[in-house]
Amino acid sequence: MRICHLHQGGGAIRFGVYACSPEDSSFTARFTHMGVTDCQWLAHDGQQPDGPEV
């Protein structure tokens, strides 16, 4: 799962679903029961986000 936080945007934002197959394999991906909602995950209270070291 990849997550992107859309805190701001100056115009249209394009997004979609993505599936990949590791190495030299293949599969069929089917996406069902999807929705765009507010974040359902609780705030993480552990490791700080990656960023420039100070």
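These are my notebook entries on a predicted model of one protein chain.

**Ground rules.** I noted that local features need pLDDT of at least 70, side-chain atom pairs count only at pLDDT 80 or more, and totals for chains, interfaces and linings use all residues. Residues are numbered from 1 along each chain as its sequence is written, and side-chain values use heavy atoms, without hydrogens or water.

**Whole chain.** I looked for secondary structure and found 0 helices and 0 strands. Here helices are DSSP runs of H or I with at least four residues, and strands are E runs of at least two. I then checked burial: 0% of the 54 residues are buried. Buried means under 20% relative accessible area, exposed over 50%, and partly exposed in between (1.4 Å probe, protein chains only). The accessible surface is about 6,500 Å², with 52% belonging to carbon and sulfur atoms; the method is Shrake-Rupley with a 1.4 Å probe.

**Phe-31.** I found Phe-31 partly exposed, at 43% relative accessibility. Beyond its neighbours within four places in sequence, Phe-31 contacts Val-17, Tyr-18 and Ala-19 (contact means heavy atoms within 4.5 Å). The C-alpha atoms of Phe-31 and Val-17 are 8.0 Å apart, though 14 residues separate them along the chain.

**His-33.** I read a positive phi here, near 50°. Most residues other than glycine have a negative phi. His-33 is exposed, with a relative accessible area of 81%.
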